[in-house]
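Hi everyone, thanks for coming. I'd like to walk you through one structure today, so please have a look at the screen.

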Amino acid sequence: MALSRGLRCCQRVFSWIPVLIITCVVLWSYYAYVFELCLLAYLLIFHVCFVMFSWTYWKSIFTPPASPCKKFQLSYSDKQRYEMEERPDAQKQILVEIAKKLPIFSRAQSGAIRFCDRCQVLKPDRCHHCSVCETCVLKMDHHCPWVNNCVGFSNYKFFLLFLSYSMLYCVFIAATVFQYFLKFWVGDLPNGPAKFHVLFLMFVALMFFVSLMFLFGYHCWLVAKNRSTLEAFSAPVFVNGPDRSGFNVGTRRNLQQVFGEDRRLWFVPVFTSQGNGHYFPLKNRTSESHNPLLANEDMWEESDDGSEEGSLGESPFRFDDSYLYITTFFVVH
């Protein structure tokens with residue numbers, strides 16, 4: 001038991017190594033650009049890019065992944081009934097009866113209601129269990145080691161902005177350092193520390209930009225199709241079978257689900273995503289009367305403690321989740 005706890009502690013410590021690598025590279029780029037090159041004409045724009053990059057990176061790292069609210073947890077009586085039942089078919093029927101009270105439309109590959117044995121919750125649509133964060137994450141996209149956090153409903157907008165401002169930061173550095181890079185190759189740059197920084201600033205900026213460009217383009221395509229990375233690898237299953245475009249309600253509305261309706265806030269790292277992550281409009285249920293994002297007050301009753309059940313609740317892969325996480329790690333990163 002103590003050994004297992006020690007291994008988990010070591011895992012948490014080592015999981016911060018990618019974040020520290022990115023942080024060190026960015027801090028070095030700041031030092032090299034501001035103190036070594038000291039390009040005064042560009043410092044104002046540089047600091048705007050640097051602040052927006054740092055802000056979005058911070059939000060991506062430290063925004064807790066949103067978990068299902070209490071109404072998706074089994075009650076004490078339901079839990080006892082489920083655990084005492086030994087027949088798998090009977091257990092599935094118990095979950096079906098409980099799910100009738102909840103806005104759950106997706107199913108497991110077997111057609112059963114998706115249930116997490118570890119968190120003891122019925123999984124809302126697009127929710128998956130992350131074995132790294134050890135919790136179920138609403139609209140989970142993937143677990144990103146570079147932010148040491150799950151990318152999901154609560155921080156997907158921040159992650160997209162982090163990618164975009166990272167690209168802008170790299171492009172700005174490469175564009176303004178390029179003339180000095182040319183001087184380095186023709187030998188017109190005087191010897192000194194700046195010569196070393198010019199070479200590596202250009203190389204690192206271009207290397208990161210190329211990597212980010214493909215990742216950002218992929219996520220732009222996902223947003224336009226209203227898919228998560230997990231859903232791109234394995235189509236969500238509904239009562240009528242798998243449907244990769246089950247949540248696609250049109251490009252404009254897909255964008256609004258992530259960024260909100262106020263376009264002035266699209267590029268600011270504040271939470272503006274629609275809904276609460278527990279349910280999403282379906283492709284064949286796009287009218288307002290069937291749109292949970294617009295009519296959630298009709299679908300949720302008031303909870304026993306007086307709070308709205310549609311709230312996020314406390315913020316903090318079995319077969320269908322674990323293999324997707326491993327595949328996503330190697331393909332996306």
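Let me begin with a question: which residue forms a salt bridge with Arg87? The partner is Glu85, and the closest N and O atoms of the two are 2.9 Å apart. By salt bridge I mean a side-chain nitrogen of Lys or Arg within 4 Å of a carboxyl oxygen of Asp or Glu.

Before going further, a word on where this comes from. This is a predicted model, in which local features need pLDDT of at least 70 and side-chain atom pairs count only at pLDDT 80 or more, while totals for chains, interfaces and linings use all residues. Residues are numbered from 1 along each chain as its sequence is written, and side-chain values use heavy atoms, with hydrogens and water left out.

Back to our pair. Arg87 is exposed, at a relative accessible area of 55%, whereas Glu85 is partly exposed at 21%. The cut-offs here are under 20% relative accessible area for buried, over 50% for exposed, and partly exposed in between, using a 1.4 Å probe and protein chains only.

How many salt bridges are there by this rule? The count comes to six. Another of them joins Glu97 and Arg81, with 3.5 Å between the closest N and O atoms. That pair links distant parts of the chain: Glu97 sits in helix α5 (residues 88-99) and Arg81 in helix α4 (residues 76-84), 16 residues apart. Helices are DSSP runs of H or I with at least four residues, strands are runs of E with at least two, and both are numbered from the N terminus. Glu97 is partly exposed, with a relative accessible area of 35%, and Arg81 is also partly exposed, at 38%. Asp78 comes in here too, linked with Arg81 and Glu97 in a network of salt bridges.

Then there is Arg264, whose side chain meets that of Asp262 in a salt bridge of 3.0 Å, N to O. Arg264 is exposed at 71% relative accessibility, and Asp262 is partly exposed at 29%.

Asp125 lies in the loop between β3 (121-122) and β4 (128-130). Asp125 is buried yet has no salt bridge, and the nearest side chain of opposite charge, Arg114, is 5.5 Å away. For charge, Lys and Arg count as positive, Asp and Glu as negative, and His and the chain ends are not counted.

What does the side chain of Asp125 meet in a polar contact? It joins the side chain of Ser106, at 2.8 Å. A polar atom of the Asp125 side chain also lies 3.0 Å from the backbone nitrogen of Phe105. A polar contact is a pair of N or O atoms within 3.5 Å; within protein, one must be able to donate a hydrogen and the other to accept it, and residues adjacent in sequence count only if both atoms are side-chain atoms.

Finally, the cysteines. A search of the whole structure finds zero disulfides, a disulfide being a pair of cysteine sulfur atoms within 2.5 Å. Cys9 is partly exposed at 43% relative accessible area, while Cys170 is buried at 9%.
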